[in-house]
Amino acid sequence: MVANHNHSQKQVVSPFKAILEYELTHSIPPGYINHTISSTAPNGSWQKAERGELSLGDPWFESFGSELQNPERWKAYWHKIMNDPSKRELLPTTWKEGDAIPALPKIDAKEMFWNMMRMARSPDPWMYPALKKLGQSKKFVMAALSNTIAFPAGIRDEKGNLFLNGVRKSEVSKLEGLELGSPEENGGVGDEREDIRGLFEVFVSSAHVGMRKPERRIYELALREIQRLGKERGVEIEAGDVCFLDDIGHNLKAAKQLGMRTIKVTLGKSRDAVVELEQVVGMKLIHETRTKL
């Protein structure tokens, strides 16, 4: 979040990109996996993990996997996109008019999840540098309101590799115009991780506070923390001073209902969101010479 003396941003690549890639690769209509997550709210496996009620591990992957493999939900989603002309473009190209609904394919919940997490550890090429520049200006309270899943110490991904939090410093350096080469080329140098939480003065993590977006109370908590920092600096901050960025409509709607300004970060179009953010904060945040990933 950014507030005038604030900010909430999507500073890494959206994990929804990994979901979309998985769906396209496995001939799953785009949106089915997100449909499953949203239709099992508020007490599905995903929501419980984001509230810290379930720990990440094999039992959780089995529970989440069973929700994805629900044949009735699969059929309902197919009927939804088949009967809505605006959504028929989501139908796989392998499906032809008159064909029966195909059998629900096996969805590897663990593989898909870890692909999401790896992608979410890559800095967004437009938003990440913008966020750093806003923080360096010292004109705003930088805040993050994030639906997160806590990782137990020593957890390993589906390949058996130890999963490390944070973004690779080599990727951050590349965005800053420093060509250091890959960690593989440099004997591991550059594989060190940068904790994005260090970029924020307020960091509200759903798994650590027991509530998640779009619940109103988590927005209220974040706002109180922002206002507390504002008072320490002699500045009164109201909800309308906060600019909230997110890629999910329900989350943006909840922020707007509280009185915050909002910007949608559309998948694959984060540059557009930064351009809009420039108008809000009155600062130039985009450098066109930066490497475009």
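This is a predicted model: local features need pLDDT of at least 70, side-chain atom pairs count only at pLDDT 80 or more; totals for chains, interfaces and linings use all residues.
**Stop 1: two packed helices.** Start by selecting residues 32-39, which form helix α2, together with residues 58-68, which form helix α4. How far apart are the axes of α2 and α4? They are 9 Å apart, and the two helices pack at an angle of about 110°. Angles of 65 to 115 degrees count as roughly perpendicular, and α2 and α4 are therefore roughly perpendicular to each other.

**Stop 2: where the helices meet.** Now show side chains. On the α2 side, pick Tyr-32, Ile-33, Thr-36 and Ile-37; their partners in α4 are Phe-64, Glu-67 and Leu-68. Sorted by class, this contact has 5 nonpolar residues, 1 polar and 1 charged.

**Stop 3: the largest nonpolar core.** Next, select Leu-56, Phe-113 and Trp-114, the residues with the most contacts inside the largest nonpolar core, which has 33 residues. Which helices each supply at least two residues of this core? They are α1 (16-25), α2, α3 (45-50), α4, α5 (71-82) and α6 (109-119). Helix α6 gives the largest share, 7 residues.

**Stop 4: around Leu-56.** Centre the view on Leu-56. Leaving aside residues up to four places away in sequence, Leu-56 touches Phe-61, Phe-113, Trp-114, Ile-149, Ala-150, Phe-151, Pro-152 and Ile-155.

**Stop 5: another core.** Finally, select Leu-221, Ile-237, Ala-239 and Phe-244. These are among the 24 residues of another core, which lies apart from the largest one.

Methods: Residues are numbered from 1 along each chain as its sequence is written. Side-chain values use heavy atoms; hydrogens and water are left out. Axes are lines fitted to C-alpha atoms, for helices over the stretch in contact, and angles run from 0 to 180 degrees between N-to-C directions. Helices (H or I, at least four residues) and strands (E, at least two) are DSSP runs, numbered from the N terminus. Angles under 35 degrees count as roughly parallel, over 145 as roughly antiparallel, 65 to 115 as roughly perpendicular and the rest as oblique. Contact means heavy atoms within 4.5 Å. Ala, Val, Leu, Ile, Met, Phe, Trp, Tyr, Cys and Pro count as nonpolar, Asp, Glu, Lys and Arg as charged, and the others, Gly among them, as polar. A nonpolar core is a set of buried Ala, Val, Leu, Ile, Met, Phe, Trp, Tyr and Cys residues joined through side-chain atoms within 4.5 Å. Buried means under 20% relative accessible area, exposed over 50%, partly exposed in between (1.4 Å probe, protein chains only).
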